[in-house]
Amino acid sequence: MALAGAVAAVQSLPGCGRSRSPLQRGRITFGSFADPALDVLKEVLLPEFEKATGIPTEWVEADFSGWLQKALSDGQTKAGSFDIYVLDDLWVPRFAGAGYLANLDEMGFHTDQDFVPTALDLGYWPPKVGLRQPGLDPKAKPALFSLPLISDLQLLFYRNDIYSSGPPASWDEVLEMARQKSDPSKRQYGWVSRGVKGNPVVNSYFVLLHDFGGKIFGEDWKVVFNSPQAIESLEFYLNLLSYAPEGVAEFDSDQEGETLLQGNAFAATMWTGWCGQTDDPTKSRVVGKIDFAVPPKKINQIAKLGLFMAGIAASAPNKAEALEFLRWFSSSPTQLKFARAGGTPFKISAFNDAEARKKSRWLDAIFKALLLGVPSPRTSDWSKIEDILGTELNKALIERGGAKEHLDAAAAEATAFLKSAGYPAG
Amino acid sequence: MLPLLLIAPTAIFALAVTVLPLGYTVLASLQEFPLVRPPAFVGLQNYQNLLHDANFRGSLGTTLLFTVSATGIEFVLGLVLALLLKEEFSLQGIIRSTLIIPMVIAPVVVGIIWRLLYNTDAGLFSFVIQSLFGTNLSVLSSTTLALPALILVDIWEWTPFMFLILLAGIQSLPQEPFEAARVDGASPWNIFLHLTLPMLRPVIAVALLIRALDAFTVFDQVFVLTQGGPGTATEVATLMIYKTAFRFSQFGYAASMAIFLLVLVAGFSAGVTRAFKERSV
Amino acid sequence: MSRWVSNTTKKRFWFLTRLTLLLLALIITLLPVYWLVNTSLKSPVEVFASPPTLFPQNPMLGNYVSLFYRRRLGDYLLNSLIIVGTAVLLSLSVGSLAAYSLARFGKSRLQQKINFWVLAPRMIPPVALVVPLFLILQRLGLINKHLGLILVYTAFNLPFVVWMMRSFFQEIPVDLEEAAMVDGASRLRSFKDIALPLAAPGLAATSIFSLIITYNEFFFALILTSTPAAATLPVGTAALIGKTQTLYGEMAAAGVVAAVPLVIFALLVQRHLVRGLTMGAVK
């Protein structure tokens with residue numbers, strides 16, 4: 001108790017007079033995880049921003065989990081070490097819900113029609129569409145707390161020499177090609193995926209779940225990922241994975257990508273950060289042989305969204321400068337420049353630009369996929385559900401079977417957790 | 001007065017860095033932090049939930065298995081190495097320095113390199129197994145082999161530590177008892193069993209305790225190599241605490257896990273220390 | 001062994017056995033290290049080549065260059081050297097004073113408590129300490145500053161230093177100091193001029209272990225520093241683990257760069273290491 005009181009007392013002290021002359025602009029400190037998808041932003045756009053506005057920037061990076069730790073600590077303790085947080089879109093509910101992000105609407109940010117709607121929607125809290133988690137006012141108006149930064153999602157990467165008549169349009173086609181042409185003895189695998197329990201395997205499975213007509217949550221947060229359609233989709237997925245490398249159950253994004261780039265897989269759904277590497281001879285053995293498309297279809301056709309979002313820290317010391325960056329970066333002219341330099345934009349005009357499309361031949365596929373994009377469920381408790389589901393999926397993968405048992409087990413545990421956290425859970 | 005002054009800085013440091021933060025954590029373990037609502041005081045609720053948490057119990061079991069296996073094998077190997085190298089010989093400096101390299105490389109890097117070594121298609125380990133036995137082995141994705149694989153990494157990394165401590169211990173033993181035993185015609189094996197080992201007891205205790213403590217709180221390698229998978233085969237306690245705190249944002253519950261673990265470990269250390277203290281006199 | 005085998009044959013047998021075991025140990029130890037260096041010289045496309053290549057097909061220093069020019073490894077290296085060096089020096093100074101005091105004035109019960117207290121920091125999972133420590137340092141304005149991490153590392157090294165150095169000081173005969181004090185020297189003077197120099201090997205040994213442990217520390221460095229202004233090597237190295245990819249070649253190179261100073265230092269002082277342990281920890 002005494003400690004809490006001490007903390008409160010100290011934090012109420014006014015910040016030591018940090019007066020700044022109007023000519024001297026504060027420096028924007030970005031905090032982020034590392035990813036090749038951010039390279040163009042860091043190396044091309046930030047210097048341009050500094051030149052154009054005279055505002056210095058500093059980019060701080062950590063590994064993915066390390067960054068989450070730091071960002072949470074920073075938000076919780078209101079330390080103000082960072083001005084802009086780069087967030088995985090599935091962190092937005094947590095950060096916005098806990099008050100670690102500044103309200104962009106209140107700061108005077110205005111959106112326009114050029115934003116790709118599915119991308120922009122992810123920045124709102126409470127979510128614009130879908131269920132609201134308990135504890136939120138059901139009548140509260142969604143406010144903008146973060147903006148898209150990089151439109152990352154799961155895209156279909158496929159070998160154009162194997163799928164010689166174009167991308168597979170349906171999942172059945174993918175399975176058929178795997179059946180016909182796989183040859184594990186020569187390390188030729190029909191499909192590769194992530195299998196590590198938790199976020200990786202859930203993201204890989206997510207597309208199939210929805211494509212077969214399944215869902216994660218039904219009405220009132222009822223857990224429905226063990227519905228008959230869901231079971232069917234998992235059985236299909238397990239079948240497909242019998243044509244994947246032996247160790248796929250422990251594959252994460254990096255091994256998935258490496259298998260494809262080494263020329264050992266026919267196709268995979270991967271994050272767009274890999275796009276630029278397919279044609280780099282120091283990184284890929286299949287230069288020119290990889291093409292991109294929207295993930296295949298069964299009943300539905302979706303792409304799993306995993307956007308990088310940018311939010312201004314609630315405790316940011318340089319909010320005005322941070323806002324200026326967001327305004328500058330999200331303006332249509334800058335987005336156009338970004339796309340032409342090889343980055344993945346989030347504005348429609350930038351996606352449709354001919355020059356940008358020439359530079360990045362995957363841009364068209366990303367745009368189409370973005371319009372069909374579905375994000376992770378918008379609740380701050382998603383990580384726990386993801387962990388439960390992911391553990392059972394991983395087990396099913398190792399067994400190469402037991403779809404119904406594992407999905408049922410996951411559903412039971414998830415429902416128990418949700419109920420204890422105050423969800424109606426059907 | 002002087003003795004107190006000399007100890008004071010040390011004591012202040014220790015207090016500030018262990019006792020004070022621990023107090024905060026204990027406080028946190030009595031609260032709940034549901035992100036979209038302000039923190040709430042829940043008393044011993046977290047601890048009650050802990051006792052019913054099968055996942056946590058499982059992680060404790062895995063951690064125990066890991067600790068006992070790793071420490072045990074490292075001890076045996078370290079002892080063998082120490083016995084091998086206890087005599088002076090020409091290249092001993094370089095050889096000893098070489099043997100301790102695994103200890104010196106950053107744990108994160110150790111994890112990454114072994115992840116590469118264990119990779120089914122591109123890993124040297126798999127390659128060697130395949131050349132020797134014909135079948136390919138996908139170690140990290142096997143529920144039975146994943147934990148042994150992690151234990152192997154730990155053994156590789158920390159046997160040098162055991163080796164150094166045991167070597168020092170052996171080299172510091174007085175020579176007379178051994179000479180007397182040899183003169184009496186005792187066999188090397190008997191000397192080892194009835195002379196060397198008992199005299200080494202305090203050193204062995206220290207070595208085992210320190211290594212066991214570190215193994216119990218293992219984190220980096222597991223995180224990088226398996227993330228606790230496949231299934232829950234390598235889900236160690238520290239990983240569980242980490243996920244609970246930073247992935248699920250259940251800070252209160254994670255704090256209670258940490259305190260529980262601390263009490264467990266402290267009790268174990270105290271017990272071991274006392275046991276060895278009594279016997280060695 | 002039975003009597004019908006001659007003594008020379010026995011000796012030869014054991015010698016060969018020892019040699020074989022030693023070679024085995026060396027190979028097992030060095031193989032992953034070799035792989036580390038091997039990987040650091042490969043281009044990304046070769047790191048995952050199947051089957052794995054024993055020598056890089058086109059060895060390149062690109063990974064190392066990228067580390068220093070794009071990832072600012074030079075900054076991290078400098079920070080590590082400054083922070084770790086200072087922390088170890090500080091803990092040696094402060095700890096030696098306390099150790100001396102305990103050696104000369106300490107009572108037995110206190111010594112037992114200290115034995116336990118030494119292990120205390122190792123027992124607490126870092127996760128339990130990280131947020132409160134962050135809060136404390138934040139209030140002192142020491143987040144992302146060298147001094148902040150120096151203080152934390154010093155505090156964590158102190159118990160170990162005290163434990164080791166106490167034994168060394170106990171080894172030094174009291175008569176030597178008493179003779180000096182009879183001649184008029186103060187207690188502190190005798191500490192500085194007599195006890196400390198004689199305990200030098202112990203200082204060397206203690207410093208090596210402290211260095212190794214502190215140098216590779218990751219968790220606290222991650223949370224208590226944020227930018228290359230103060231972050232250490234382990235933090236900089238871990239940042240090579242991306243969200244969707246890990247730069248294995250660069251990580252291997254970073255591992256090599258990080259390990260080199262320690263290996264050199266260990267080589268130089270390894271003689272003291274064993275002797276130091278002999279006299280210190282064992283008692």
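Which domains is chain A divided into? The close-ups below start there. This is a predicted model, where local features need pLDDT of at least 70, side-chain atom pairs count only at pLDDT 80 or more, and totals for chains, interfaces and linings use all residues. Residues are numbered from 1 along each chain as its sequence is written, with chains lettered from A and ligands numbered from 1 in the order in which they are written.

**View 1. The two domains of chain A.** Chain A splits into domain 1 (28-152 + 306-374) and domain 2 (154-304 + 378-420); such bounds come from an automatic or database domain assignment. Their C-alpha centres sit 26 Å apart.

**View 2. Where the domains of chain A meet.** Here 23 residues of domain 1 of chain A are in contact with 24 of domain 2 of chain A (contact: C-beta atoms, placed from the backbone, within 7 Å).

**View 3. Chain B against chain A.** In this one, 26 residues of chain B are in contact with 29 residues of chain A. On the chain B side, the elements giving two or more residues are helix 1 (2-29) and helix 12 (237-247) of chain B.

**View 4. The domains of chain C.** The assignment for chain C gives domain 1 (7-62) and domain 2 (70-279), with C-alpha centres 32 Å apart. Eight residues of domain 1 of chain C are in contact with six of domain 2 of chain C.

How values were computed. Contact = placed C-beta atoms within 7 Å. Helix = DSSP H or I, 4+ residues; strand = E, 2+ residues; numbered from the N terminus.
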